[in-house]
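These are my notebook entries on a structure that I had not examined before. I set down what I looked up, entry by entry.

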Amino acid sequence: MSADARTEKLVEGVLAGEVRAVARAMRLVDDRERSFHDLLKAIYPKTGRAYVLGVTGTPGAGKSTLVDRLIEAYRAQGKRVGVVAVDPTSPYSGGAILGDRIRMQRHFLDDGVFIRSLATRGALGGLSRSAGDVIHVLDAAGFDVVIVETVGVGQDELEVTRLAHTTVVVMAPGMGDDIQAIKAGILEVADLFVVNKADREGADATMRDLEQMIALGGVLEKQGAGPTARGHSAAAAAARAGSGASGGRWVPPILRTVAVKGEGVDAVIEACEQHHRFLLETEEGSRKRAQRFEQEFLGVLRDTLLHEAERRLGTAIREAVDAIAERREDPYSAAERMVGSVFEETEE
C-alpha cells in the first residue's frame with residue numbers, strides 16, 4: 001500500500017472515531033513523521049465542533065484530580081471526552097513521568113474517553129509542540145469535549161490560551177499562590193479560577209487575594225475613563241458571585257472545589273458553559289475567537305518557516321554557530337544574512 005493510500009485510510013479511521021486510528025494518528029503527529037501534514041490537512045475541515053477546555057495552574061494544586069472529576073461529570077452528560085495531558089520532559093533523556101495518565105486510569109476502560117499523554121520535549125509555554133495538532137485529531141474523531149492539562153503555570157506558561165476556548169487556572173491554599181496571583185500573566189490567562197483543596201486552612205485568604213487581583217484588573221482597564229471605587233467593587237462582586245459577564249466583558253469567576261471528594265465540580269462545569277456561551281454570543285467573544293485563530297495560524301507559520309529554513313540552510317547553520325562562538329560574527333548579523341538568503345532563493 002502506498003504512503004498516500006495509508007494516509008487516506010488513517011484519515012477515514014479517524015473521522016469514523018476508531019480508537020486505533022486515533023492513536024496511530026496522534027503518534028504520527030507527535031513524532032512529526034513525513035505524512036503528518038497530509039493527515040492534518042485532510043481532517044481540518046471536519047474540526048471546530050469540540051469544546052476545548054484548558055486546565056492549568058501551579059504544580060500540586062490538584063489539576064489532574066480535578067480533570068478526573070471533570071471527565072466523570074461530562075461523561076454523566078453523555079459527552080465523549082478527549083484528554084491531552086502534558087508532562088515535563090527530562091532535558092537529559094527526553095522522557096517524561098506521565099503521572100497524569102496514572103491518576104486518570106479509572107477511565108481507561110470507558111470507550112467514551114480517550115487520554116493521550118504528551119511530553120513537552122523542551123517546548124516553552126507549558127505545552128508540547130504537537131498539542132494543538134493532537135486536539136484537532138480528537139476534534140475530527142467526534143469528541144465533544146477536549147480537556148488540555150498543561151505542565152503548570154510559571155511566568156511564561158500561557159500557551160494554553162492559544163488552543164483552549166476556556167482556560168481554568170487551578171490554585172490551592174498554602175502554596176504561595178498569593179504571590180503567583182499578582183503576576184499579570186495569570187490574570188490574562190484565566191477565564192475561570194478554581195481554588196482547589198478548599199477544605200484546607202487558608203482557602204478564604206486565597207479567595208480574597210484573587211478577588212482583589214480581579215478587581216484591580218478591572219480598575220486598570222478603566223483608567224482611561226478614570227478609575228472608580230464602583231468599578232473596583234463591581235468586578236469583585238462579579239468574581240465572588242461566579243457571574244462571568246459584567247458590563248460586556250468577562251470577569252473570571254472564582255470557585256471553590258475539593259476535587260478529591262468531587263465537591264464543587266458541577267459549578268465549574270456550569271461556569272465553563274457560561275463562558276462558552278459568552279464566546280458565542282458577544283462581540284468580545286467574537287474578538288477572542290478571531291484572536292485564537294490568528295495565534296494558531298502564526299504558530300503554524302513559524303514552525304513551517306523554521307523547518308523550511310533548516311532544510312535549505314543545512315550545514316550553513318552549523319558554520320554560523322561556530323563563527324558566533326569564535327566571535328567572528330554576531331548572531332544578529334548571521335540571522336539576517338540567512339533569512340535574506342532564504343528569501344532570495346525563494347524569489348528566484
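In which sense do strands E2 and E4 pair, and over how many bridges? I looked this up first, noting that the model is a predicted one. I found that E2 pairs with E4, residues 145-149, in the parallel sense, and I counted five bridges. As a point of reference, I recorded that Val 81 stands opposite Val 145 in E4.

Entry on the other partner of E2. I turned to strand E3, which covers residues 113-119. E2 and E3 also pair in the parallel sense, here over seven bridges. In this pairing I noted Val 86 opposite Leu 118 of E3.

Entry on the sheet as a whole. I traced seven strands in an open sheet with parallel pairing, and I wrote down their order as E3-E2-E4-E1-E5-E6-E9. E3 and E9, the latter at residues 254-256, are the edge strands, each pairing on one side only. I recorded that neighbouring strands of this sheet are turned against each other by 20 degrees on average, with direction ignored. I also checked the pairing of E1, residues 51-57, with E5, residues 166-171, and found it parallel over five bridges. There, Gly 57 stands opposite Val 170 in E5.

Why do I describe E2 as largely enclosed by the rest of the structure? Seven of the seven residues in E2, residues 81-87, are buried, so the description holds. I then sorted these residues by the direction in which they point. Val 81, Val 83, Ala 85 and Asp 87 point one way, while Gly 82, Val 84 and Val 86 point the other way, and all are buried.

Entry on helix H6. Which strands does H6 lie across? I found this helix, residues 131-140, lying across E1, E2, E3 and E4, and I noted that H6 runs at about 165 degrees to E2. H6 is mostly covered, with 10 of its 10 residues buried. Among the buried residues of H6 I listed Asp 133, His 136 and Asp 139, as well as Val 134, Ile 135 and Leu 138. Just after H6, I came upon Gly 142, which takes a positive phi of about 95 degrees.

Entry on Ala 320. Is Ala 320 buried or exposed? Its relative accessibility is 7%, and since buried means under 20%, Ala 320 counts as buried. I located Ala 320 in helix H13, residues 315-325. Leaving aside neighbours within four places in sequence, I found Ala 320 in contact with Ala 334, Arg 337 and Met 338. Ala 320 and Ala 334 are 14 residues apart along the chain, and their C-alpha atoms are separated by 6.5 Å.

Which residues make the nonpolar surface patch of about 550 Å²? I listed Phe 297, Leu 298, Leu 301, Leu 305, Val 339 and Phe 343. Helices H12 (283-313) and H14 (331-347) each supply at least two residues of the nonpolar patch. H12 gives the most, with four residues.

Notes: Residues are numbered from 1 along each chain as its sequence is written. This is a predicted model: local features need pLDDT of at least 70, side-chain atom pairs count only at pLDDT 80 or more; totals for chains, interfaces and linings use all residues. Side-chain values use heavy atoms; hydrogens and water are left out. Buried means under 20% relative accessible area, exposed over 50%, partly exposed in between (1.4 Å probe, protein chains only). Two strands pair if DSSP finds at least two bridges between them. Patches are made of residues with over 30% relative accessible area and no salt bridge: like charges are joined within 9 Å, nonpolar side chains (Val, Leu, Ile, Met, Phe, Trp, Tyr) within 5 Å. Accessible areas come from the Shrake-Rupley method with a 1.4 Å probe; for residues, only the protein chains shown count as cover. A salt bridge is a side-chain nitrogen of Lys or Arg within 4 Å of a carboxyl oxygen of Asp or Glu. Axes are lines fitted to C-alpha atoms, for helices over the stretch in contact, and angles run from 0 to 180 degrees between N-to-C directions. Contact means heavy atoms within 4.5 Å.
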